[in-house]
Amino acid sequence: MTCALSFSSPLSLHLSLLILMCPVVGVQSASGDGRSLWQQPPNKHDFLSATFPTGFLWGVGTSAFSTEGSWDQDGKGPSIWDHFSHQLQKGHPRTGSSVGMVMDDMASDSYALWEKDLEAIQYLGVKFYAFSLSWPRLFPDGNATGRPNHAAVEHYSRLIGRLRGMGVEPVVTLFHWDLPQRLQEQLDGWTNPAMVQIFTDYAQFCFRTFGQEVRYWMTMHNPLLIAALGYGTGAHAPGEPRNPAVPFIVAHNLIRAHARTWHVYNDEYRPHQRGLISITLGSHWVEPFKRQATPANVELCQKSMEAVIGWFAEPIHGSGDYPRSLQATHQGLIPKFTPEEKLWVHGTADFFSLSFGPDTVQAMRGQVRFGQMGVLDLRKVLGWVQQEYGDPQVLVAESGWFSNASVGVEDTITIYVMKKLINQVLQAMVVENVKVFGYTAWSLVDGIEWTSGYTIRRGLFYIDFDLPQRVRIPKTSAQYYRQIVKDNGFTNNETDQNIRGHFPCDFHFGVADFIQQVQHQPTSPQFTDPHVYRWNFSGDGALHPVAGVTLQTRASQCTDFLAIQRHMHLLEVTGSSHYRFALDWAQLLPQGDASSADEEVVRFYRCMLTELRKRGIQAAATLYHPSFTSPTLGLPTPLHAQDGWMNTSIVEAFAHYSTFCYREFGALVSVWITINEPNRLTEVYSGSGRAVERHLLLAHARAWKVYHTHFRQQGGQVSFAVHADWVEPANPFLKSHASTVQHFLLFELGRFLDPFLRDLACPDKNRQNTCYEYLETGPLHLPYFSEEERRELRGALDFIALNHFTTRLVYPRRPDVRQGPQAPAHEHGCSFMADPTWPASNKGQTLTPWGLRRVLVWVKNRYGDTRSIVVTATGIDDQAAHDDQLRQTYIRSYLQEALKARELDGIDLRGFYVWKLQDRHAPEFGFFTSSHHRARAKLSVSVYRDLVLHRGFLAPGVNPALCERSDRQAGCWLCARMAENNPLVFSCVCLTACVLVLAGAIVAMAIRRKRKRRSKRKMVQAVAPLPRRQQVFAMQRMECRV
């Protein structure tokens, strides 16, 4: 086929290139390798921040029945969907419906309000508009050889002409399910082979009438659902369940009608109209059961895809015949293509037009999954099409999801589904090189969603169907799609480029931990046993003490606690300068007062702190770390029995406890955290959150005052750590969501930091337990403090300690009628969700490093530079036992954002503590696996150690100025590398060293012996005449004696 081409725009150029790539009829092709999508899945790619190629086509679509309305006006005849929907509204027994469908015949009234639709299209800024012609509107009886409905011809001509005048390309579908009812009644619809020629006649009329202005044609939209639901289950129009063979007969006629239409256009209209024609095919996606890609599961997944999209795609885009798995499963039911028909059907599409939406996904649920899992993954569908059908050009002709009618214009979930699907298309193009040239958001306006009526919505523009005016109101998803079209993809607004730089020498590179478990007795008895033993004295191979003999012993020392020594070794491997752990209040003071102190626990903690100091690691001790798995929340039992933090007396009890700890351990501790995450603790005390919050703040203030007044000479700093995750508005286009962000941050952080860093004011002093700060979203409840208490609170922080882990999306919670208009004091009145495009851990924690920088900026903006900031805990769970790539990425990216906060935002950030040192059981947050797994180092250890060694991110070849601890860090390099490997490697190293030492000793002894032999020979040669002299000398001595 040759075409004379001329073009004057990028769109025309794109169209011309596609025409050049049109398939040559008669070329046979075989099925591809779609199974590789499960056998060797594509590399998992996080959200891709990039733009689409220049000239990418953005569009929006509708269908005639869903939106036009005017079902019996201007000469339109009834369609099978008009008839079917009327039966549904009546609850007709033949349709299987037992309730009336919520809808009417007016729909979106797009036939009358088509100009309003054009305004909506112009608002979005798209390049094409996909819509369908109403066959019964053009030909009420379905016979295209007769006279057309002039009003319908005028309507579609005006619509097409105005679109082209706006610079918007019309993409026209000839048949989107609304078959003229007359053809169904007279010919039994698509079960009759005569429909092939009838449809071709209708298509020819459309080509002659509108073809000069239309460059993209679709013969049919998703014929799968016509055959499977219309003539199979009866769930769709015409709603007539038939025997199992009928859906395959209908599909056969649909394919033949499409092929004949393509050939007619190719032979008679393409040479002068220069358009493209295809058929839109729907698909779903399935993954192997339990993600187990066994050969059997892979075959079932392939079979499922072949039974859905492959049913129509294999004859048209593939081999020219039905998939073998489909034929094998339905032997005797599927009509046969003759060899000539296979050649005739094959290649009758100029590009692959794909539909991926709820109609197909939900319709196929449970029918052809064969026990596999359905997944919303457009990227893999595109990859499967590429592998199966020879890497064709692809148009995503329908994509989107639905929301409930009650959602209205604030369709937040739809935004994230759209974001996910469009990004999957981008990933398929960039990573797998799938040739996608356009994307269609579905649909332009709310309409009749087939059997669901008005109960669900898919439009970008909201319509209130209770009002006759049918006003189009842009939803937030329309605003989002408009931004995508404007940016031609996803611009990277969340994270700037990485920077180079390093942290100062006094920066806290730390590891944070939970309560340090106390070991009461040392594990080495060699210096505490006074007896002397004899072994095997009676031949029994046992040790027996020698009676009457005892040795002088010494008390156990810190070095005898092997658990501490192992702990110290792990810490040294990380290269950390600081270690944060929590003291156990309940074990230190079992009765809650200093008189009940457990000396063994005191000695253990003192040993722990002493060993840290010996190794140059500074201690950051937490006085109270609530244990939510403990029935007492980590409090001494008597205090918990007195209502714990709800009781005012606990304030003084905590002050006494802190005094005890400062006195016993203060000389060995440089950083004190009084209470860990009080904002999480208040949630436990349902109904008493405000009182608990008040007591927590006062308890910290008293503890800080004790240290400041009596122990400041120890040189430490005191603060308390608040949980400080960042939040973003779930819907960036809603002011209420943006206000909720500020409300939540003030509730989460402000109510705990404001009493120390801002002047509190209680506008209503008559209220005895509440102060207010009025916000846009309503009053923020704060505890009531007297003037004296406010003075005590003011400034009682040496630095701001933040525990930051992730970022969440927040939106206002709908009021609970059971709770009344005012939420409880401990409730923030917010709901949360996650962006599905953000990478997340097994526990659902998202990896969003830019959130750390934003929360640091928020704190600085609210409290100024009055206090430095320390990130006292941050981390992510990772299920990998060795190569924990998620944690490695987390540490690098979050520390990078911390550096940006210091260097670019001027934030006085003094520390960064990673949570945590070691797992307790299965791999989660730890740098090392649990003791049950031999405390093996994960690869994140070396990542963190290198960052600590270089104090940040330096350019290649640049080293930071040496700090005091650099020698110790460098000296332990070999130890660190050995510890990062398993004990077998360590044993091999030790054995090799022993062999080398032994070999050296043997060589030295051999050299020594050789030297001795040489010296003896020299002595013998030097005294050879000696015996004769000795004889003479002996005779002379004898004579003297005589």
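Which residues in α20 are buried? The legends below take up that question and several others, using a predicted model.

**Figure 1. Helix α20 and the residue that follows.** Here is the answer to the opening question: I564, Q565, H567, M568, L570, L571, V573 and T574 are the buried residues in α20. Just after α20 comes G575, whose phi is positive, at about 75 degrees.

**Figure 2. The whole protein, as a setting for the close-ups.** The protein has 35 helices and 31 strands. Of its 1042 residues, 55% count as buried. The accessible surface comes to about 45,200 Å², and carbon and sulfur atoms account for 54% of that surface. Contacts that reach along the chain are well represented: among those between residues at least 6 apart in sequence, 78% join residues at least 24 apart.

**Figure 3. The largest nonpolar core.** This core holds 277 residues, and those touching the most other members are W135, L138, W190, Y481, L588, W645 and W672. Among the contributing elements, α11 gives the most to this core, with twelve residues. Another core lies apart from it and has eleven residues, among them L57, F351, L395 and F437.

**Figure 4. Around L588 and C661.** Leaving aside neighbours within four places in sequence, L588 is in contact with L583, S596, A597, D598, V601, V602, Y605, Y657, F660, C661 and F665. If you are looking for disulfides, a search of the whole structure finds zero.

**Figure 5. A259 in helix α11.** A259 is found in α11, which covers residues 246–273. Is A259 buried or exposed? A259 is buried, as its relative accessible area of 0% falls under the 20% cut-off. Beyond its neighbours within four places in sequence, A259 is in contact with W344, V345 and T348. For a distance to check in the viewer, take P315, which is 56 residues from A259 along the chain: the C-alpha atoms of the two are separated by 10.0 Å.

**Figure 6. Q896 in helix α30.** Q896 lies in α30, which covers residues 885–903. With a relative accessible area of 3%, Q896 is buried. Which residues is Q896 in contact with, leaving aside its neighbours within four places in sequence? They are N498, I499 and F953.

**Figure 7. Where to read the model with care.** The average pLDDT of the protein is 87, and 85% of the residues score at least 70. Two stretches call for caution. Over residues 19–30 pLDDT stays under 50, and the model has 28 contacts beyond four places in sequence for them. Over residues 1022–1042 pLDDT also stays under 50, but here the model has zero contacts beyond four places in sequence. Where pLDDT is low, the predicted coordinates should not be read in detail.

Conventions: Residues numbered from 1 in each chain as written. Predicted model: local features only at pLDDT ≥ 70, side-chain atom pairs only at ≥ 80, totals over all residues. Heavy atoms only, no water. pLDDT = per-residue confidence, 0-100. Contact = heavy atoms within 4.5 Å. Helix = DSSP H or I, 4+ residues; strand = E, 2+ residues; numbered from the N terminus. Buried < 20%, exposed > 50% of the residue type's maximum accessible area, 1.4 Å probe, protein only. Disulfide = S-S within 2.5 Å. Areas by Shrake-Rupley, 256 points an atom, 1.4 Å probe, with all protein chains shown as cover. Core = buried A, V, L, I, M, F, W, Y, C linked by side-chain atoms within 4.5 Å.
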